[in-house]
Structure formats: structure tokens, C-alpha cells
Amino acid sequence: MSWKDSRWTGVAVLLVLGFLWEAAGRGAWVHKVLLPPLSAVLGTLYDIVASGEIVRHLAVSLWRAAAGYAAAAVLGIALGIAMGYWRRVYQAGEMTIEFLRAIPPPAVIPLAMVFLGIGDALKVFVIFFACLFPILVNTIDGVRSADPVLIRTARTFRLSAVRTVWKVILPVAAPYIMTGLRIATAIALILTVISEMIGATSGIGYFILGSQRTLHITQMYAGIVVLALTGYAINRAFLAIDGRVMSWHKGLTRRET
């Protein structure tokens, strides 16, 4: 089956699920208050998009997610290269990293609230904390997967540490880094929603929870649909970027096989 065929199969499955949702809502398989028909949800979705309400909340959420994600990417890649390349740096930081990454990110929210309050700083920090470790660990693994012979050759030719990292290490570690970055995109969106459900006055998480608390259930489902579409769009965008950035690596892999 070709990629296009499988894509249409996925669309067909979504349409079937949508039909079942509509039938369940209209046939009262589940109470209509708990599960309104899909058509009602889509109507509400149109209204909140047209009014700009959901767009404002989503824009705030994306800004928070991007800020935390970017900070995690910069620190995770830089620290991962250092820990993967220099053994002493790895030995110095390994225990701390393993200790911190064992903490579930939602568990740091109460502590972060003590120091950062309940504003944007809290949300950005929680997203940063959650995204840091998959990027960091994958970068370390990528750097350490480099062929020692290549590194020794670079040193023989008296390449500086910076040039060795740039010319030898990064090309090898790039697929691992991209994997870590992709994992972190999903985590960023999840933690954005979770953090916005605690002491927030804006954001998609606040919108969804507020709708549920005020019994605007159709609006709540509409917010969840927006969140799902946003996550799908982000993933597709990342795959497109990955395809361009890593095209050289995929071409090399195909030639080798």
C-alpha cells in the first residue's frame, strides 16, 4: 500500500469515527449533556473561531509552548554535546540528570509556584523542564554514537574541539537530536495544557477546563478538537522540517542500503 493510499485510509477511519460520534449523540447512546453530537460541536467550533476567542487562547498557549521548548532545545543540545563529548562533564552531570528526569513534570508545578507564582513564568518553566530531558538524553546518545576513529582522526589533523563537534560529531548526532526534538514537541503541548489548568486566566487549557466547570460541554469538546488539530499541524510541520534538514542523511542511508 502506497503512502497516499494509507493516508486516505486514515481519513476514512476518522470519518467513520465522526459518524459514530454523531450517531451516539443523536441516538442518546450517551447522555447528550455528556456527549453532544459532532455537528453541534463543529457548530460551536465555528462560533468560537469566528469570534476570535479560541484564537486568542491558542496564541497564548503556543507562545508559552514555544518559549519553553526553545529554551529546552538550546540548553539540551548544548549540554548534551558537552556531556557526550567530554567524559568528565558526563560523569559530573549524570547523577543529577538521572535524578531530575525521574521526576514527573506535573510534580514540579507546586514547587515552581512557590518561586515563580502562577503567571507565564510558571508555565514556561514547566514546559522547559519537561522538554529538556528527551532532547538532552537523545543528544548525549547521538554524540556518543560517533565513531571513535573519526574523532581520533580529527584530533590527528589538529582540529579544535569546536570544529570537531561541528564537522564530525553533529552530522552523526543529528538524527538523534531530531528524534529528541520531535518527542519534545508532543510533551510541550501536553504540559502547556496541564500548566494552564492551574491558576491561569488564558490559554487553551484554561479554556477547556473553564468550559467544563461552567457546563459548556459542547464548547469544551470544541476546544479539545482545536487542540487535536493544533497537535496534528505541529507534528506535520515538524516532519516537513525534518525532511528538509535531514534529507542528506536519508539520501546517504538509502545509498548504503
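**Figure 1. A polar contact of 2.9 Å joins the side chains of R64 and E196.** A polar contact is a pair of N or O atoms within 3.5 Å; within protein, one must be able to donate a hydrogen and the other to accept it, and residues adjacent in sequence count only if both atoms are side-chain atoms. The model is predicted: local features need pLDDT of at least 70, side-chain atom pairs count only at pLDDT 80 or more, and totals for chains, interfaces and linings use all residues. Residues are numbered from 1 along each chain as its sequence is written, and side-chain values use heavy atoms, with hydrogens and water left out. R64 is part of helix α3, which covers residues 53-85. Helices (H or I, at least four residues) and strands (E, at least two) are DSSP runs, numbered from the N terminus. Is R64 buried or exposed? R64 counts as buried because its relative accessibility is 4%; buried means under 20% relative accessible area, exposed over 50%, and partly exposed in between (1.4 Å probe, protein chains only). Apart from residues up to four places away in sequence, R64 touches D120, K123, V124, I127, E196, S202 and G203. Contact means heavy atoms within 4.5 Å.

**Figure 2. The whole protein has 11 helices and 0 strands.** Along the sequence the pattern reads α-α-α-α-α-α-α-α-α-α-α. The C-alpha trace spans about 75 × 55 × 30 Å along its principal axes. Of the 257 residues in the protein, 39% are buried. Among contacts with a separation of 6 or more, 71% are between residues 24 or more positions apart.

**Figure 3. Helix α2 (residues 38-51) packs against α3.** The angle between the two helices is about 75 degrees, and their axes are 4 Å apart. Axes are lines fitted to C-alpha atoms, for helices over the stretch in contact, and angles run from 0 to 180 degrees between N-to-C directions. The angle therefore makes α2 roughly perpendicular to α3. Angles under 35 degrees count as roughly parallel, over 145 as roughly antiparallel, 65 to 115 as roughly perpendicular and the rest as oblique. On the α2 side, I48, V49 and S51 take part, and they meet E53, I54, V55 and R56 of α3. The residues of this contact divide into 4 nonpolar, 1 polar and 2 charged. Here Ala, Val, Leu, Ile, Met, Phe, Trp, Tyr, Cys and Pro count as nonpolar, Asp, Glu, Lys and Arg as charged, and the others, Gly among them, as polar.

**Figure 4. The largest nonpolar core has 40 residues.** Such a core is a set of buried Ala, Val, Leu, Ile, Met, Phe, Trp, Tyr and Cys residues joined through side-chain atoms within 4.5 Å. Which residues have the most contacts inside this core? They are Y69, C131, I169 and L181. At least two core residues come from each of α3, α4 (87-101), α5 (109-116), α6 (120-144), α7 (148-156) and α8. Helix α6 gives the most, with 13 residues. Leaving out residues up to four places away in sequence, I169 touches Y85, V143, A146, I151 and T164. A second, separate core has 19 residues, including L45, L58, V193 and I208.

**Figure 5. T139 lies in helix α6.** T139 is buried, because its relative accessible area is 0%. Beyond its neighbours within four places in sequence, T139 is in contact with G76, I77, G80, I81 and I177.

**Figure 6. T201 sits in the loop between α8 (161-196) and α9 (204-213).** T201 is exposed, with a relative accessible area of 68%. Its C-alpha atom is separated by 9.4 Å from that of H57, although T201 and H57 are 144 residues apart along the chain. Not counting residues up to four places away in sequence, T201 touches H57 and Y206.

**Figure 7. G223 belongs to helix α10 (residues 217-245).** With a relative accessible area of 0%, G223 is buried. G223 and I204 are 19 residues apart in sequence, and their C-alpha atoms are 7.0 Å apart in space. Apart from residues up to four places away in sequence, G223 touches I204, F207 and I208.

**Figure 8. L215 is in the loop between α9 and α10.** Phi of L215 is near 60 degrees, a positive value in a residue other than glycine. L215 counts as exposed because its relative accessibility is 66%.
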